[in-house]
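Thanks for coming. Please have a look at it first.

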Amino acid sequence: MAAASLLFLLIGLPLLSGTVYVEGDLGVLQIPWRSFYARCLKSGDSFAWMPQVYCGVYVHGEGEMGMFHPLHLFLYRLLPLGIAVNIELLANYLFGWLGALLWLRRWKLSSDAALFGALLLGFSGFQITHFMHLNRISVASHIPWLLLAIDVVLRGEGGRRRALAALFVSLLTASELLLGDPQTVWFSLVAESAYTIAVTLSATDRARRILSLASAKAIGLLMGGIQLLPTLDYYIGSARRHASLEFSYIDSVPPQHMARLLVPWLFGSPHEYGLYTGVVPLVLVVWLMIRRRETRFPRFLPAALAILSGFALVLALGKYGMLYRLLARVPLIGHMRCPNRYILLFHLAVGGLAAIAFADLSRVARHRERTPWRLLLPFTAPPLLATLALCGWALVQDTELAARLHHSVPLALLAMLPTAAATCLALAAARGFPAALAGLILLAAADATVYDLALLRGRQPLDIAGLAATTTVPPGPVRGRVWDSTTYNILMLRDLRLASGYSGFPPARQLRG
């Protein structure tokens with residue numbers, strides 16, 4: 001609880017200082033467009049069409065702001081823009097954390113293991129490194145809640161409880177669609193489908209319960225139609241519709257970047273290739289492999305999570321893996337670029353596996369069981385693999401850092417310190433020292449703070465006026481539209497109209513120019 005509270009507080013510092021994060025799309029797209037949305041709500045104007053960019057754009061169909069979502073209608077009508085943006089951002093982490101906690105408790109995990117899993121899932125590397133994509137992390141925060149509701153529908157006792165859970169499935173599905181990020185909705189559907197298949201293996205009265213779940217999803221689809229249909233309409237007239245396969249392969253994860261699983265800072269910024277889940281979850285997955293036959297947990301769920309994690313990694317390879325090449329030919333889904341974003345499912349699966357492993361390790365440590373050393377040999381794998389990854393990267397890179405690594409053993413050892421620390425703490429817990437569990441929790445929180453939150457500190461947070469001041473207004477009176485390809489949409493904050501613009505679904509050009 002303390003670790004989660006600290007991470008939440010660190011993310012929410014701009015709210016306390018009256019500023020907002022302005023990194024990436026948040027500063028050049030999300031905030032300028034939300035300024036238009038807020039003005040329309042407060043003045044009573046329609047927000048479906050935005051004349052400020054692209055000489056006019058069907059912004060409702062573009063879906064970037066989730067304009068018909070009840071939370072957004074409330075926040076941006078009643079609160080100042082900066083406060084509304086911060087609350088929208090923070091709500092995603094609180095909502096995702098609570099959903100993960102309740103989902104894990106549903107599986108009878110101990111409270112410490114459930115809280116630990118919620119820490120990993122609510123503040124996962126994907127959720128934090130994609131903080132500038134508000135609608136994406138908003139949809140992702142719904143996934144644990146949907147898994148919880150699906151579990152009650154499929155395994156719950158009592159017709160009233162299952163009916164209430166089916167209602168929540170419909171409402172959560174509608175909420176995802178209203179947030180306007182089709183790709184993450186697709187990721188959610190993949191996770192829900194995988195979970196449904198896994199749980200159905202142990203459920204009774206399968207046919208009727210699956211029918212109930214399918215009906216709930218269909219109702220949610222209809223409820224979200226106010227955003228889904230405009231998005232389909234806008235897609236038909238956008239440049240995305242005629243995108244090539246190469247467009248779908250943008251940001252495929254190169255195979256060598258899999259080394260980021262153990263050494264996160266290799267190959268530059270973690271934003272799009274944020275494979276790193278933290279060293280503690282990976283070490284705990286090793287423990288789960290050691291204890292796969294002794295753990296007191298239904299075996300089908302860890303197996304399903306393991307399969308989902310491998311499936312997600314293969315899809316994240318994009319053009320480097322055959323599976324995504326097949327998926328890229330599927331209508332609509334194939335036009336969703338950036339296969340690297342399947343990393344979301346990897347983080348979800350590894351977080352669930354780590355929570356299960358922590359529950360088992362906690363039981364062993366509390367009962368002072370002393371696991372034989374010969375069974376603990378697999379714990380040497382993470383440090384060894386991390387060392388190999390570090391050395392391999394240093395050998396192929398011609399950089400100053402690589403040169404230092406060639407000749408500096410202490411620096412290399414420093415880079416390996418988190419992996420070694422996680423391994424030692426897990427070994428101590430496996431040998432019957434409960435205090436090591438607290439060390440694992442603190443190390444996981446420190447890892448997230450140092451690595452994931454570093455991206456939030458990439459640019460100094462600014463207030464709305466400060467963000468607007470980062471652009472230069474054209475000299476003289478502006479009677480027409482401005483073409484600005486350098487600051488994207490920020491000039492909207494200076495009350496200017498643009499012939500250019502920036503969005504996730506650029507409209508197709510009708511005139512040459």
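**Helices and buried residues**

Let me start with helix 6, residues 81-106: at 1.5 Å a residue, its 26 residues should span 38 Å, and the end C-alpha atoms are 37 Å apart, which agrees. The expected span here is 1.5 Å times one less than the number of residues. Helices are DSSP runs of H or I, at least four residues, numbered from the N terminus. After helix 6 comes Lys 108, with a positive phi near 60°.

A word on the source. This is a predicted model, in which local features need pLDDT of at least 70 and side-chain atom pairs count only at pLDDT 80 or more, while totals for chains, interfaces and linings use all residues. Residues are numbered from 1 along each chain as its sequence is written, and side-chain values use heavy atoms, with hydrogens and water left out.

Next, a helix pair. Helix 13 (residues 206-223) and helix 14 (residues 225-236) pack at about 70°, with axes 5 Å apart; the axes are lines fitted to C-alpha atoms over the stretch in contact, and angles run from 0 to 180 degrees between N-to-C directions. The two helices are therefore roughly perpendicular, a term that covers 65 to 115 degrees. Helix 13 contributes Leu 221, Leu 222 and Met 223 to the contact, and helix 14 contributes Gly 225, Ile 226 and Leu 228. Contact means heavy atoms within 4.5 Å. By class, that makes five nonpolar residues, one polar and no charged; Gly counts as polar.

Now some single residues. Is Ser 138 buried or exposed? Ser 138, in helix 9 (residues 134-140), is buried, at 3% relative accessible area. Buried means under 20% and exposed over 50%, with a 1.4 Å probe and protein chains only. Ser 138 touches Glu 88, Asn 92 and Leu 179, leaving aside residues up to four places away in sequence.

His 133 sits in the loop between helix 8 (125-129) and helix 9. His 133 counts as buried too, at 7% relative accessibility. His 133 and Glu 23 are 110 residues apart in sequence, and their C-alpha atoms are 9.9 Å apart.

Ala 149 lies in helix 10 (residues 143-155) and is buried, at 6%. Beyond residues up to four places away in sequence, Ala 149 touches Ala 165, Phe 168 and Val 169. Ala 149 and Leu 167, 18 residues apart in sequence, are 8.8 Å apart, C-alpha to C-alpha.

That is the tour; questions are welcome.

Definitions and conventions:
Angles under 35 degrees count as roughly parallel, over 145 as roughly antiparallel, 65 to 115 as roughly perpendicular and the rest as oblique.
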